[in-house]
Each structure stands twice: as structure tokens, then as C-alpha cells.
Amino acid sequence: MHLLSIDSLSDDQIATILAEAQLWFDCNRQPSRNDRRLDGLTVVNAFFENSTRTLVSFAIAAQRLGAQVVTLPVEASSVKKGETLEDTARTLGAMQPDVMVIRHGSTGAPAEVAAVAGCPVINAGDGTGEHPTQALLDAATLQRHFGRVAGLTVAICGDIKHSRVARSNAKLLRRLGAEVRLAGPPQLMPDGASALVVDEAIEGADAVMMLRVQRERLEDELGDSPGEFLELYGLTAERLARAAPGAVVMHPGPINRGVEIDGALADGERSLILTQVEMGVAVRMACLDLLTASRRGA
Ligand code: NCD
């Protein structure tokens with residue numbers, strides 16, 4: 001079994017991951033949190049794009065379950081000598097790891113790796129494709145806060161066009177019964193999608209999820225100065241006031257303060273941003289457990 005996209009998961013698997021994640025979340029806050037169920041297994045992290053949260057949380061998740069973690073130092077690897085992704089994947093696979101976690105700038109790269117790896121592969125973000133574990137941790141965070149996902153209205157705002165986070169979240173949250181509204185600057189909406197104005201999307205929403213502008217994936221400069229972007233499309237206190245009473249603020253990180261979100265709101269009492277990070281470890285523990293179950297005979 002691989003974890004490449006939200007569609008690759010059954011409803012049962014999603015329910016299992018979300019339920020297990022809540023248990024790991026509590027467990028991770030205890031000083032004695034030793035669970036060795038992945039003892040003797042090896043997890044390889046191969047991140048061809050930058051990462052803080054996803055990379056470190058996969059490593060912590062694997063280690064909390066007793067696995068060994070090896071991180072491919074991409075910048076110092078044979079990738080820089082011209083080795084293809086497929087050859088790199090075959091090479092890593094020949095070392096008999098038990099899971100490979102792949103982040104790559106090219107959409108579909110984790111599926112290419114999965115075809116030759118010989119072990120379960122997790123997509124940790126592929127280009128403008130998907131980021132399934134981010135969506136799972138966002139759903140688990142909403143579930144923890146509201147006690148449910150079904151019936152919530154979630155506004156996802158910003159660079160929708162280039163966001164793998166938006167793509168995976170729209171699929172998962174809708175599947176779980178939430179209303180998802182996507183909004184952003186017209187030039188950052190997917191082709192063919194109507195550009196909902198950010199103010200309208202936020203109106204009455206239970207959760208407002210802001211996204212970073214993926215400047216590394218933009219062909220042309222946006223043209224707006226950071227302050228202008230915040231004024232026109234970002235999350236300000238005035239805009240948040242349109243949301244439902246008790247609405248929460250989310251962001252997958254990294255945040256660009258004063259661009260897509262007023263820094264004070266990111267730090268404010270409605271912000272779940274650090275809960276999302278904490279849930280990231282818990283969700284990845286649940287994913288690693290599920291993906292290695294058959295190898296362990298569990
Ligand atoms: C996101 C990503 O890499 O897709 N970050 C993350 O994993 N939390 C979002 C982003 O880079 O803007």
C-alpha cells in the first residue's frame with residue numbers, strides 16, 4: 001500500500017488514520033510515550049524540495065514508533081551528478097527500507113518512485129499535485145477542535161492554483177462532509193475556476209485556512225507588494241470578523257507574515273497553526289503504522 005493521494009485512501013483507512021491520530025496526539029503529550037511497534041524498521045526520507053514541518057515530523061513520528069530514520073541529503077547526493085529519479089528510487093529500494101517518504105517539485109514524482117521502490121511510498125508533497133498527510137492533519141485538527149468535520153464551512157484562501165495543500169484538503173474535507181470554499185486572486189485560481197472573492201468565502205466560515213503564495217511555482221511576478229497583497233487578499237482582523245463566531249485560523253506553514261496573513265492573527269487565540277504542527281506528528285505516526293502493518297504481520 002502507498003499513500004500518494006487522498007483518492008488512494010478508502011473511507012475506512014481515512015477513519016482509522018483520523019481516529020488513531022487523536023490517540024497519538026494525547027500520547028505525545030505524555031512523558032512516557034514509548035511505543036516500539038516499528039522496531040527494526042527503516043524509514044527513508046527523500047526530500048527534493050525544502051521542508052521544515054513535514055520532514056521533521058515524519059522523522060519524529062517514525063522514531064516515536066521505534067523505527068530508524070535515514071534522511072537522504074539531496075543537495076549532497078548523486079542527484080547532483082545527474083542520476084534520474086527512477087534510478088535514485090531503485091537504489092534506495094535496493095537497501096530494503098520499509099517506507100520511503102518523498103517530496104518532489106515535480107507532480108507525480110512519488111508515483112514514479114512507488115512503481116520501482118519495492119516498499120510503501122508516502123507522498124510528502126509533489127509539485128502542484130497533492131499533499132495527503134497535510135490534509136489528514138488538517139482534518140484531524142478540525143475534528144479535535146470542533147468534535148466533527150461534517151457540516152463545517154472551511155474557506156481556503158490564497159494561491160489555490162499552485163497549492164497541493166488546497167487540492168488535497170478540498171478532496172478530503174468534502175469527502176468528510178464539510179463545505180469547502182476556495183478563494184484567491186484571479187491569477188492564482190485554477191484554470192476555469194471562478195474566483196470567489198476572499199471576503200465572500202470567509203463570510204460565516206467556521207475555519208479560514210490561508211495559503212502561502214508559491215513564488216517558486218509562479219512564472220511571472222505577481223506585481224503586488226506584500227502590504228498590497230494583505231490588503232486585497234490576505235487575512236486581516238476586519239476580514240476575520242466576517243467569519244462565524246468562534247471561527248478558527250489555520251495555515252499549513254510556512255507563513256509569510258504581513259503577506260497572506262496579519263502576523264497578530266497567526267499568533268492570536270483563534271489560531272490553530274501550532275496545533276496543526278503538533279497534529280502533524282500524530283497523523284504521520286498513524287500513517288506509518290497503517291502502511292507498515294502488513295510488513296509487520298500486524
Ligand atoms: C506546504 C507545502 O510544502 O506544500 N507546507 C507544508 O508542508 N506544511 C505549504 C507551502 O509550502 O506553502
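**Figure 1. Domain 1 and domain 2 of the chain in the predicted model.** The domain assignment places residues 6-130 + 277-296 in domain 1, and residues 132-274 in domain 2. Taken over C-alpha atoms, the centres of domain 1 and domain 2 are 25 Å apart.

**Figure 2. The interface between domain 1 and domain 2.** On the domain 1 side, 33 residues are in contact with domain 2, which contributes 26 residues. The size of an interface is often given as the accessible area lost when the parts come together. Between domain 1 and domain 2 about 2500 Å² is buried, and carbon and sulfur atoms give 55% of this area. I6, L18 and E130 are the residues of domain 1 that lose the most area to domain 2; together these three account for 25% of what the domain 1 side buries.

**Figure 3. Packing of helix 3 against helix 4.** Helix 3 spans residues 85-94 and helix 4 spans residues 109-117. The angle between the two is about 45°, and their axes lie 9 Å apart.

**Figure 4. Residues in the contact of helix 3 with helix 4.** Helix 3 contributes L85, E86, A89, R90 and G93. From helix 4 come A109, E112, V113, V116 and A117. Sorted by class, the contact has 6 nonpolar, 1 polar and 3 charged residues.

Technical notes
Residues are numbered from 1 along each chain as its sequence is written. This is a predicted model: local features need pLDDT of at least 70, side-chain atom pairs count only at pLDDT 80 or more; totals for chains, interfaces and linings use all residues. Side-chain values use heavy atoms; hydrogens and water are left out. Axes are lines fitted to C-alpha atoms, for helices over the stretch in contact, and angles run from 0 to 180 degrees between N-to-C directions. Helices (H or I, at least four residues) and strands (E, at least two) are DSSP runs, numbered from the N terminus. Contact means heavy atoms within 4.5 Å. Ala, Val, Leu, Ile, Met, Phe, Trp, Tyr, Cys and Pro count as nonpolar, Asp, Glu, Lys and Arg as charged, and the others, Gly among them, as polar. Domain bounds come from an automatic or database domain assignment. Buried area is the accessible area (1.4 Å probe) that two parts lose on being put together, summed over both.
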